[in-house]
Amino acid sequence: MASIDTLAERLSTYLGADQVNLVRRAYFYAEQAHDGQRRRSGEAYVTHPLAVANILADMHMDHQSLMAAMLHDVIEDTGIAKEALIAQFGETVADLVDGVSKLTQMNFETKAEAQAENFQKMAMAMARDIRVILVKLADRLHNMRTLEVLSGEKRRRIAKETLEIYAPIANRLGMHAMRVEFEDLGFKAMHPMRSGLIAKAVKKARGNRKEIVNKIEESLTHCLQRDELEGEVVGREKHLYSIYQKMRGKHKAFNEIMDVYAFRIIVDKVDTCYRVLGAVHSLYKPLPGRFKDYIAIPKANGYQSLHTTLFGMHGVPIEIQIRTREMEEMANNGIAAHWLYKSSDDEQPKGTHARARQWVKGVLEMQQRAGNSLEFIESVKIDLFPDEVYVFTPKGRIMELPKGSTAVDFAYAVHTDVGNSCIACRINRRLAPLSQPLESGETVEIVSAPGARPNPAWLNFVVTGKARTHIRHALKQQRRSESISLGERLLNKVLAGFDSHLDKIAAERVRGVLAEYRMEVLEDLLEDIGLGNRMAYVVARRLLASEGEQPQSAEGPLAIRGTEGLVLSYAKCCTPIPGDPIVGHLSAGKGMVVHLESCKNIAEIRNNPEKCVQLSWAKDVTGEFNVELRVELEHQRGLIALLAGSVNAADGNIEKIGMDERDGRISVVQLVISVHDRVHLARVIRKLRTLMGVVRITRVRA
Ligand code: MN
C-alpha cells in the first residue's frame with residue numbers, strides 16, 4: 001500500500017526538499033479535510049488523492065501539480081472554500097484545484113449527447129493552466145482503475161465519458177500510454193463480455209504465434225547486427241479496444257487482425273531510423289503503399305516514427321515502427337514528457353503554460369518543417385490556448401464562439417431572428433448586460449420580444465461577423481423604410497405649396513421623372529429625399545413640370561412626431577424639446593437634424609430652402625428629450641440628493657450630472673435631464689426653484 005512516505009521518497013529523486021515538504025503538507029491537509037470520508041471500496045478517502053499524485057509523480061510533474069492532486073476533491077467534497085486554500089497554499093495551487101473542481105462539476109451526461117468533440121474543446125478552454133487537465137486526467141485514470149466497486153449504471157456512465165471525452169483529450173495531448181489505458185478500461189466497463197472474449201482470444205493467439213514472433217524477432221535482430229546498427233527490437237500487440245474498433249469499423253475478422261505481426265525497433269538517433277529501414281527492406285520485401293514517414297511529417301499531436309509493412313517468410317505481414325528513444329518517450333507521454341525530461345531546469349519561466357507552450361512550439365516546428373502546419377494548428381494549439389469560448393444554450397446544446405463574444409453574438413449564432421428581436425439576456429440564470437463577454441461553461445439564455453429591433457450601439461461590442469452583418473442589414477432596412485416615409489412627407493409638404501399631392505400626379509409623369517434620375521422605383525427617390533441627398537423642392541418642380549412657377553400658397557411646416565427613427569436626430573448643440581421653435585437641417589446621407597430656430601450653428605443657412613425645412617411639433621409627439629440645465633446654488637451638504645429628489649418629484653429623469661465649485665459658497669451644477677416637452681421642463685424648473693439656496697437656473701443652449 002502506497003503511503004505519503006514512499007511517495008515523498010520517490011519525489012526526492014527529482015524535487016527539492018522544500019517542494020517535497022509542501023506536497024506532504026498538502027497531503028496532511030487533505031487527510032484532515034476528508035477525515036471520516038471513505039471511498040466505495042471502504043478505504044479512507046485520502047488514498048484516492050494520494051494515488052492521483054502517484055500517477056503524476058510517474059510523469060515527474062512539478063510540486064504544484066502534486067499539491068493540487070492531493071487537494072483536488074477538497075473544494076468539491078468537503079466544502080472548504082478556495083480562499084482557505086489560497087491562504088494555506090497560495091494562489092497557483094488554489095487555482096489548479098478550482099480548475100479541476102470546475103471540470104468535475106461539468107456534467108457531461110445531462111447535457112445534449114453527440115457533442116463529445118465540443119466537450120473536449122470546452123474542457124480545454126476552461127482550464128487556463130494545462131496542468132489542470134493533467135491533474136484531471138490522472139484523477140480520472142485512478143477512478144477508472146478502481147471502477148469495479150461502483151454500480152453498473154454509474155460505471156457505464158463514467159466509462160462512456162472516459163471513452164468520449166478523456167481518451168481523446170489524452171490523444172490530442174500525445175499521451176498515448178494514458179489513452180490506451182483509458183480505452184481498455186473503458187471498453188471493459190462498457191462491454192465486459194466483448195472485452196473478455198477478445199482478451200481470451202488474444203491470449204490464445206499469443207500462444208500460437210509465439211514461435212513465429214520469436215523467429216521474426218531473431219531475424220530482425222540479426223539483420224541489425226549484420227549492418228552494425230544499434231537498436232532494440234520489441235514485439236508489440238494491439239490493445240483490446242483498438243482490435244475491437246478494427247473489427248467493428250473495418251469489418252475485419254479477429255484472425256485477420258491477429259495475423260499481422262507487429263514490432264518496434266528503438267534506436268539512438270534519427271539517422272539510424274532510416275538506415276534500419278533500409279536494412280529491414282533488404283531483409284523482407286516491403287508491401288507497396290504502406291510506408292509512412294512520420295518523422296519528416298509528424299502526426300498532428302507530434303507523434304513521430306517510421307512505419308512500414310513487410311512480407312515475412314511464407315508471406316506473413318510484419319508491421320514495423322522505427323523510432324528513436326526520445327520519439328518513443330514523446331509517443332507515450334506527449335505533453336507530459338516535458339516534465340519527465342526537463343524537471344530540474346529552473347531557467348524556464350514559471351508561467352503556467354510554459355511547458356505546454358514548449359511542447360506546442362516543438363510540435364509546431366516539426367509541422368512547419370514538414371510543410372503542413374494547418375492540421376496541427378486546428379487540432380492542438382487552439383485547444384491549449386483557446387481563441388474560442390464554449391457556452392451552453394438553455395437546452396444544453398454547445399455553441400462555439402470566438403473569444404470576447406457577447407450574448408448578442410450568441411443570439412445571432414442561434415438564429416438571425418433571435419438576434420434581431422433580442423432585448424436582454426440571462427447568464428447562468430442571472431440577468432446580465434448584453435455587452436458582457438461570455439466565458440466557457442456558461443449557460444446563456446436570450447430574452448426576446450416580438451417587434452424588437454437591433455440597437456446600433458451593439459455594433460460597438462459584437463465580435464462575430466454574423467452578428468455585425470445582420471445588425472447592419474437590419475439597421476439599413478429600418479433606415480430605408482424610415483427614410484422613405486420622411487422623404488414622402490417632405491415631398492408632399494412642398495407639393496402642398498403648389499396645391500398638389502403625390503397621389504394627384506399622373507403615374508406616367510412620375511415614371512418620366514424617375515427615368516430622368518435613372519431610378520427604378522419611387523421608393524428610391526423618396527429614400528434619397530429623406531436622407532437629404534436630393535432636395536424635395538427641386539423634385540416637386542420636376543414632377544409638376546413648372547420650372548418658372550412660384551408656389552401659390554405658403555407651405556406649412558412639417559410636423560415632427562418623434563417616431564421618425566434613424567433618419568431624424570436632435571442636435572446636440574441646442575437640444576430642442578417639444579414646444580421649442582425648430583428647423584430641420586438636411587445633410588446629405590445623414591437625414592434630418594432638428595435644431596432650435598435660434599441655434600447659432602445654423603444661423604447662416606436658416607433661410608436656404610434647399611438646406612433647411614420649417615418644422616413644427618406634432619400634437620401627439622412622443623418620447624423623452626434631453627435638455628441641459630445649469631443650476632447655481634449655495635453649497636450645502638447632500639445637495640445632489642436634494643436636486644435628484646426634486647427632478648424626480650416632477651417626473652423628470654437625470655441622465656447626467658456634473659458639479660463645479662465656483663467659490664467657497666456657490667456651487668454650479670450641470671444637469672442633463674430628460675423631459676417630454678417644454679411644459680414638463682417648466683414644471684421641473686419650478687420644482688427646483690423651491691429648493692433652499694437656489695440662486696439661478698438656466699437652460700443651456702449653444
Ligand atoms: Mn477525484
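A residue counts as buried when its relative accessible area is under 20%, as exposed when that area is over 50%, and as partly exposed in between. At 18%, R236 is therefore buried. The model discussed here is predicted. Its chain has 702 residues, of which 47% count as buried.

**Overall architecture**

- The chain contains 27 helices and 20 strands.
- Among contacts between residues at least 6 apart in sequence, 67% join residues at least 24 apart.
- The chain has an accessible surface of about 35,400 Å², and carbon and sulfur atoms account for 49% of that surface.

**The manganese site**

- Four residues supply the protein donors of the manganese ion: H48 through NE2, H72 through NE2, D73 through OD and D139 through OD.
- These donors lie 2.1 to 2.5 Å from the ion, and the residues follow the sequence spacing H-x23-H-D-x65-D.
- Distant parts of the chain are linked by the pair H48 and D139, which are 91 residues apart.
- H48 belongs to helix 3 (residues 47-58), whereas D139 belongs to helix 9 (residues 130-145).
- Both H48 and D139 are buried.

**Nonpolar cores**

- In soluble globular proteins, nonpolar side chains tend to be buried together.
- The largest nonpolar core has 64 residues, and the members that touch the most others are M70, L71, L85, L137 and M175.
- Helix 9 gives the most to this core, with 9 residues.
- Leaving aside residues up to four places away in sequence, L85 touches Y29, L71, V74, I75, I80, G90, A94 and V97.
- A second, separate core is made up of 54 residues, including V510, W617, V684 and I697.

**R236 and its surroundings**

- R236 is located in strand 1 (residues 232-236).
- A polar atom of the R236 side chain lies 3.4 Å from the backbone oxygen of F263.
- Apart from residues up to four places away in sequence, R236 touches A262, F263, R264, E319 and Q321.

**Helix 20**

- Helix 20 (residues 407-414) is largely enclosed by the rest of the structure, because 6 of its 8 residues are buried.
- The buried residues of helix 20 are A407, V408, D409, F410, A411 and Y412.
- Their cover includes several strands, among them strand 7 (388-392), strand 8 (398-402), strand 9 (422-427) and strand 11 (444-448).
- Helix 21 (416-420) and helix 22 (465-497) also belong to the elements that cover these buried residues.

**N492 in helix 22**

- N492 is found in helix 22 and is buried, with a relative accessible area of 14%.
- The side chains of N492 and H501 are joined by a polar contact of 3.3 Å.
- Besides H501, N492 touches L502, not counting residues up to four places away in sequence.
- N492 and L558 are 66 residues apart in sequence, and their C-alpha atoms are 9.6 Å apart in space.

**Cysteines**

- How many disulfides does the structure hold? The structure holds 0 disulfides.
- The cysteine sulfur closest to that of C422 is in C425, at 7.2 Å, which is too far for a bond.
- C422 is buried, with a relative accessible area of 2%.
- C573 is partly exposed, with a relative accessible area of 25%.

**Positive phi values**

- Most residues other than glycine have a negative phi.
- R429, which is not a glycine, has a positive phi near 70 degrees.
- R429 is placed in the loop between strand 9 and strand 10 (430-432), and it counts as exposed at 76% relative accessibility.
- T575 is likewise not a glycine and has a positive phi of about 35 degrees.
- T575 is found in the loop between strand 13 (568-570) and strand 14 (582-587), and it counts as buried at 17% relative accessibility.

Terms used. Residues are numbered from 1 along each chain as its sequence is written. This is a predicted model: local features need pLDDT of at least 70, side-chain atom pairs count only at pLDDT 80 or more; totals for chains, interfaces and linings use all residues. Side-chain values use heavy atoms; hydrogens and water are left out. Helices (H or I, at least four residues) and strands (E, at least two) are DSSP runs, numbered from the N terminus. Buried means under 20% relative accessible area, exposed over 50%, partly exposed in between (1.4 Å probe, protein chains only). Contact means heavy atoms within 4.5 Å. Accessible areas come from the Shrake-Rupley method with a 1.4 Å probe; for residues, only the protein chains shown count as cover. Donors are N, O and S atoms within 2.8 Å of the metal (3.2 Å for Na, K and Ca); water is not among the atoms, so sites may look incomplete. A polar contact is a pair of N or O atoms within 3.5 Å; within protein, one must be able to donate a hydrogen and the other to accept it, and residues adjacent in sequence count only if both atoms are side-chain atoms. A nonpolar core is a set of buried Ala, Val, Leu, Ile, Met, Phe, Trp, Tyr and Cys residues joined through side-chain atoms within 4.5 Å. A disulfide is a pair of cysteine sulfur atoms within 2.5 Å.
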